[in-house]
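Work through the exercises below with the sequence and the 3D view open. Each task is followed by a solution in steps.

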Amino acid sequence: MSSPQPCGATAQARTCMGIVDEAARLERLGKPVVHLEKGELDLDTHDLVKERAVQALRENRTRYSHSSGLPELRQAISDHYGRVYGVDVDPARVVVNSGSSAAMLELFLALLEPGDEVVIPDPGYPAYPSLVEAARGKAVRAAAAGHGYLHTAELAASCVTPATRALLINFPSNPVGSLAGPDELRAFAGIGPLVVADEVYHGLAFADERPHTILEFSDNAVSVGSFSKSFAMTGWRLGYVIVPEWLRSRLTRMHEYLFVGTSTFAQWGAVTALENAETIQKQIRDELRGRQECLREELARGGLRPVYEPRGGFYTLVHQPEGTGGSAAFAARLLEHTHVALTPGSEFGPSGEGCVRFSLSAPRERIREGLRRITTFLHSSSAEGTP
Ligand SMILES: Cc1ncc(COP(=O)(O)O)c(C=O)c1O
C-alpha cells in the first residue's frame, strides 16, 4: 500500500518556498517565528549606496543604460577584479543583469545546445538544475554526501562525459560554506570544460584570507557575481557575468533582445557599492562572524553536528539527529512546533537529505532563541519522524 500523501499547511511547508510562505503565514497569525531559513540577510543596504541611487533619480537617470550595463558600472567591476584578485578584465566582457539568476540563465541559453551536460554541486543551490534545464541542458549532480559534502575537482571530473559543456562551481558555497583555494580552483580549470564559477558570496569569507576568483586560473572561465549577498542588496536585482572573449558577442547580442538592460538608477548605486566595497563588506563580515560563532556554540550545546565547519557565506548545513525522519518533514515539524524556520536539506539535492540548513539571516539573540527552542523540542517525543 502506498504511504499517505502529506496534505495541508504542513505538506506545503515541505519545500523551500513552502517553508518561507508558511513562516510568513504563522507570523501573520502573531506567532513568534525565528527566521533561520532565508537566503538573504536582515541587514539594510549601506546608506552611501542608497543615497547614490536617490541622487541618480534626482538627476533623471531614468532612461535605458547601455544594454550590457552602465559603462561606469562595468568599469567599476573591472577595477574591483583588478584590486581584489589582480586580474585584468576588459569591461566589454562584463554583462550586467537582473541578479545573478538572470545572468546565469542567459549564460546557459547562450552556451548550451539541447542535451549538453553541466556538472553541478550536490548539495548545491536549488535553482541550478532549473537554470540549466531551461536552456535545454542536462544538469548532472556531483553527489558529495559520500565525500565529506565537499564539491572537489576530483568529484567533478568523475562526472565528466563527452557531452559535458560546463562545470558549475560555487565558493563560498550554498549550503555548505566551503571555500576553494588556488590549488583546487586550478584543478577545476584543468579538467577541460568551461568552468562557470558562481562567486556571489565572495567578500563574505570569515577569515581574512584573500579570496580567489576562477579568472586567476583560466581565461576559459566565467565568473558570476552579484550585489545581492555581499552588499546586502537582494532587492536591487543586480548581478553580472564576466565571460571569455569568444562568448562575448553572442551573449551581449542575446542580452540586447532578451533583457534590453537593467535599472539605470540601481546601477548607479552599485557603482558606489564597489567604490566602497572594502568598508561595506567588512561591516557585513564582522556581523556574520559574530553570528556564526553564536550559531556554532548553540549547535554544539544542542548536540547538533554541522556536516562541515563553514568558512564563508552565511549558511551551515547540519546533520539531523537520529530518528527524525526525512528533512522536509522534519523542517515542517520544527516550524509547526517551535516556530523556527529552517530549510530542508533535500532542497539542495539528494546529497542534502538527512540535513537541515541554518542561515545567519537573523541577529545573534534570535539565533540563540531559535536553537534553545529546537533543543527543547528535540527532547520531546514530537521530534521523532518517519523516514
Ligand atoms: C549560490 C547562489 N547563487 C545565486 C543566487 C541568486 O542570487 P541573485 O539572483 O540575487 O544574484 C543565490 C541566491 O540565494 C545563491 O545562493
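**Exercise 1: the ligand site**

The ligand takes up the space of the second largest pocket. Here a pocket is an open set of points on a 1 Å grid over the protein atoms alone, with protein on both sides within 12 Å along at least five of seven lines; a molecule sits in one if more than half of its atoms lie within 2 Å of its grid points. The model is predicted: local features need pLDDT of at least 70, side-chain atom pairs count only at pLDDT 80 or more, and totals for chains, interfaces and linings use all residues. Residues are numbered from 1 along each chain as its sequence is written, and side-chain values use heavy atoms, with hydrogens and water left out.

Task: describe the residues around the ligand.

Step 1. Count the shell, taking residues with a heavy atom within 4 Å of the ligand. There are 15 residues, and S101, D198, S226, S228 and K229 come nearest.

Step 2. Sort them by class. Five are nonpolar, seven polar and three charged (Ala, Val, Leu, Ile, Met, Phe, Trp, Tyr, Cys and Pro count as nonpolar, Asp, Glu, Lys and Arg as charged, and the others, Gly among them, as polar).

Step 3. Find the main contributor. Helix α5 (residues 99-111) gives the most to the shell, with four residues.

**Exercise 2: the cavities**

Task: how many cavities of 30 Å³ or more are there, and what lines them?

Step 1. Apply the rule: a cavity is a set of grid points where a 1.4 Å probe fits but cannot get out, and lining residues have an atom within 4 Å of a point. The count is two.

Step 2. Take the largest cavity, of about 100 Å³. Its lining has 14 residues, with P121, P123, H151, N170 and S173 nearest its centre. Seven are nonpolar, six polar and one charged.

Step 3. Take the second largest cavity, of about 40 Å³. Its lining includes L304, H319, F330 and I374. By class, nine lining residues are nonpolar, two polar and none charged.

Note on methods. A residue is near a molecule or strand if one of its heavy atoms lies within 4 Å of it. Helices (H or I, at least four residues) and strands (E, at least two) are DSSP runs, numbered from the N terminus. Grid points are joined across faces, edges and corners, and a volume is the space filled by probe spheres set on the points.
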